[in-house]
Amino acid sequence: MSLCGDSGPAAAPRLRPRAAQMARRPELLCGAAILLGCAFLIALKVTCSRAKDVTMPAKLPVSFFSTRSPVIDLFRGQLDYADHLRQDSEIVLYFFYAPWCGQSIAAREEIEHVASRLSDQVLFVAVNCWWNQGKCRKQKHFFYFPVIHLYHRSFGPIEYKGPMSAVYIEKFVRRVMTPLLYISSRSKLLDFLSNYEPGVLGYFEFNASPQPPGYLTFFTSALHSLKKDYLGTIRFGVITDKHVAEEISLVHSGSVYLHRHVNTSLIYPNDIMNYTAENICKWALENREVLIRWLRPHGGKSLLLNNELKKGPALLIFIPYNPLAEINPLLDEITKVALEYHNCNKSRAAEPDLQHLGDTDSPAFDSSVPDAHTKLSETFSITKSPCCNTVVLPQWHSISRTHNVCELCINQTLGVKPNKVHVPHCNFFEIEAALDSFYLQEHTFFQVISNTIECSNFLSFYSPFSYYTACCRTVNRHFLSFISSEKTIFQTPKVTFSSHGKKDDAQHSIPHIEDRNCFIPDLHSSGTNFTGLSCRTNKTLNLYLLDSNLFWIYAERLGASRSTHLKEFAAIVDLKEEVHYVLDQNQSLVGSTLENFIKNFSILYSPLKRHLVDDPSVHLHDQHVITEVTTNTFHRTVFLSEKNVLLLYYAQWCGFCASLNHIFIQLARLLPPDNFIVARIDITRNDLPWEFMTDRLPTILFFPYQRKEQSVKFPEDLSVNLPNLLKFILYHSSFSSSEPCTKECLHKETVLQQGHISHLQREIEKLRSEITALHQAHAQLEAQLSEARREEHRLQQQKHTLEKQHKTLQLHSEQLQATYNQKNQELLAMAEKLQELADASENLLKENTLLRILVASREGKLQSQDEIKEPLHSEQTLSEDNSEVSTATDTLEEKRIDNIDTTETEHSSGNRTE
C-alpha cells in the first residue's frame, strides 16, 4: 500500500521540470524526433539488406599463359582489343578458353608448341571467355571449351574441330595459310592428281593481271571448303601454265576442274550455276569422290562411329600418322589398294598417267570430246576371261525334264570383242556363285527353240556386272562318265537370248574350258581379280583410316594387342551381322595382305572366322570355388575337362544374376570337385560361338561328362534355388537310359553313386557339426541377451529418476529466473528515480544561484538610491526591500525543506523495499 501510494506523488515533481524545459526550448523536441526517424530508417535498411542473397564478387582472373609465351593472353576477355589486333595481321588464331576447363589446360601446351613454330607468320591470341565481366563472355555463347577460330584477312571465322594435338592444329593452320597449291608443270600436276584426296583445279592466266578475273572467288571457295569441312579432304590447286591446263581439257581462264579417280571427272558448269565461292564449294562437296575416309571421333558422346558403321560393312585401318610428314609409304600403299578396289572400269589404270589424261579423265561437261560416251561404253564391255564347267542336273531341277547336262560359263558378258579376251582364268568360288545363281534363277531362263540344245544368258545373283551362260542338252547316261574327256560334246548355238530378252549375235562366243585343275581358290593372285571388286560383290566395304596414336583404344576393343609396339591394325566390322573379323597381327600391314583380307571377306564362302573378344582383366585363381570362364578358356574348361560342368551366363548390370551368387557358392561346396565344375561367364565382355550365345540373363547350362554335345538348359519355369539345382544336376549327370549298360557299366555307376553318397555324408556331418556349434553360440547369445535386458531395465529406472530430478531442477530454475527478472525490473525503476532526483537537485542549485545574483543586484541598487533620496524615504524603501528579501528567503527555505523531506521519504521507501 505504501509503495503504490508513494509512487504517484514522487512521479509528478519529476515530470514537471522536463516538461517546463521542453516548453522553454521546443527545438529539442524536434531534434529528438528527427534522430528517432533516422535511426528507424537505418535499422530498416540493414534488415532488408540482410534478407537478400549475399554474393561474393568473382576474383580477378590471372594470366593463363606464361609471360614468355608467344601467345597473347587476354585473360580479362578483352574481345574488342582482340578484334583490333586482327586488323593488323593476315592470319590470326583465336584460342577461346575457360581457366577451369581440363581440356583447355591440356590444349594450352599444344597451342604454345604450334605458336613457337608459326609465331612469325600467324598471330596467336588467347581469350578468357569465362570471366563474367569480360566482353567475350557477354558476346560469345560457347557451350564447350576450348574453341579455336582462324581468320584469313577478313574471311572467318574458320572453326577447327579436330584433335587437340599440336601436329593436327599446325597442319590445319598451314592449310588456312596456303589454301591453294600452285601448279606450273606436268610433274606437279601428276603429283596433285595422284593423291587419294579429291582435288579441285582452277586455271587462271596471270600474264595480263596479277589477279585474273575469278581468282579471288576461287581463292575464297578454298577457304569455304575448310570452313565446312575441317578435315580438309578437298585440295584446291591453281594451274598457271596454259599447256599444263590443256592436259585436263581446261582451255578458258577461270575454268574449274574436279578430279575423280574412278568416276568421270567434272568441269564446273558456268552456264548452269553462278560463279560464286559458295557455289564452287558446294559443287565440289556434292560431287567429290571419297575412296577412303579419315575418322576422328573426339572422344565424347558422339554418334560419328555408329553412323558410319550403319552404312554397311567397314574396313577400319589403324596406322600411326603424322600430318606434317611429307612422305607416308604405308598410307600410299593403302591408297593404291583403295583405288584398285573401287576401280570398276578395268580399262583405266588406278594411277593417272599424264599422257592419257585427256582421254580417261575427260570431263562430262567438255563438249570438245565428242566420243567420251563411246569410250565409256567400250570400257564397260571389257570383262575377265570366261570359265566354263559341265554340270549334271539333278532330277528335281525344272530343266531336267527335257535335258540332263548343262554347260555353265561364268564372267561372259554379251558383246565381248575377241581382241579383248586374254588367257582364260577360272576361280572355284566364282563357279560356286554361278551354280547358286543357276539354281536360284532357273525360272527366269528364256529357252531357245531347238531340237537339241537350249541356251540362255542370265545375270549373276551375286554381282550385277557379271553374266552367266548356260547351254543344256540331253546326253545318254553311259556317256556321262566320259564328259571330262570329251571336249566337243557341246556346240555353241547360233542364237542366244539374254535374261532381258535381247537378241544378240553369238558368233564371237568363247569355247568352254573343262580343265578342272584350274578351279583352285586363288587367294594370292595378282591385282587382276581385286581390281573393281567393290562393283562385283554384294558385300562392298567402306574404307576408313584412324590414327593409332590417338585412337588405339578402339583397336584394343576390337581385339588388337595391348603390348604391341607397332600400332598397325586392321579389322572388318559388320554391324548388321553383329560380327567382325581381324587381320592376323602376325602379318605385316601391306597392300597384298589387305587385298587378300578384302577378297576373303567378299567371296561367297568366306574363310574368315568371326573374332571373339576376350576379357583380359579376368585373372584365374585355383582357390576360387566358382571358376571364371572367358572366351579363351571356354573350350578348355567346358569341353576338354573330364567333369560335369554347370555354366552360369551373367552380366555386371544384371541384378538378379548377382542374387544367385550365394546359391552357386553353396552348390559348388556341396558337389564333389573331382566330378563337377561350377563356372560362370560374363557374356557382355566375352564373345562365344553363335551356338552358345543366349538372349536371356541369367541362363544356366549343364554339360554332362562324356556327353558335352547334349547340353541341357535349366528350365525357366523353375525357381533357381539349391534343391532344384541339385535335382537338375543329379538327374542329367546319370548315363543315358537308351544305351545298354553292362556289368562294368553298372559297377562304375555303383562306385560313382557310392562316391556321391560318401561325399554327401561327409557334407552332412560337416553341416551337423556346424549346427551344433550354432546351437551353442545361440545359447551364449541368449544368456548375453538376458543380462543385457536386466542391465537395460536398471538403466531405465535410473533414467526415470534422473528425469524427475531434472524436472524439479527445471522448476527451481524457472522460479529463480522469475525472481531475477523481477528484481532486475525494480532496480531499473530505482535507477530511473535516482536519475530524476539528480536532475531536480541540479535545477534547484541553478535557481539558488540566480536568486543570489538577483539579491546582490538589488542591494547595489538600494545603496545608490539611498545616496540620492532622503534618508526617510530610503529607510521606508529599505524596509520594504528587506521584507521582500525575507519573503524570498523564506520561500527558498521552504523549498529546501520540501526537497529534504522528499529525499528522506524516498530513502525510507527504498530501505523498506530492500
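**The cysteines**

Modeller: Two disulfides are present in this structure, which is a predicted model.

Start with C129 and C136. Their sulfur atoms lie 1.9 Å apart, and a disulfide joins the two residues. The torsion about this S-S bond is -90°, and the link of C129 and C136 is left-handed. Both ends are out of the way: C129 is buried, and C136 is buried too.

Now the other pair, C654 and C657. Here the S to S distance is 2.3 Å. That value counts as a disulfide because the cut-off is a pair of cysteine sulfur atoms within 2.5 Å. The torsion about the S-S bond of C654 and C657 is about 75°, so this disulfide is right-handed.

Burial comes next. C654 has a relative accessible area of 7%. Buried means under 20%, so C654 is buried. C657 has a relative accessible area of 2%, so C657 is buried as well.

Two further cysteines deserve a word on burial. C101 has 8% relative accessibility and therefore counts as buried. C281 comes out at a relative accessible area of 1%, so C281 is also buried.

To recap the links: C129 with C136 is left-handed, while C654 with C657 is right-handed. On placement, C129 and C136 are buried. C654 is buried, and so is C657.

How values were computed
Residues numbered from 1 in each chain as written. Predicted model: local features only at pLDDT ≥ 70, side-chain atom pairs only at ≥ 80, totals over all residues. Heavy atoms only, no water. Buried < 20%, exposed > 50% of the residue type's maximum accessible area, 1.4 Å probe, protein only.
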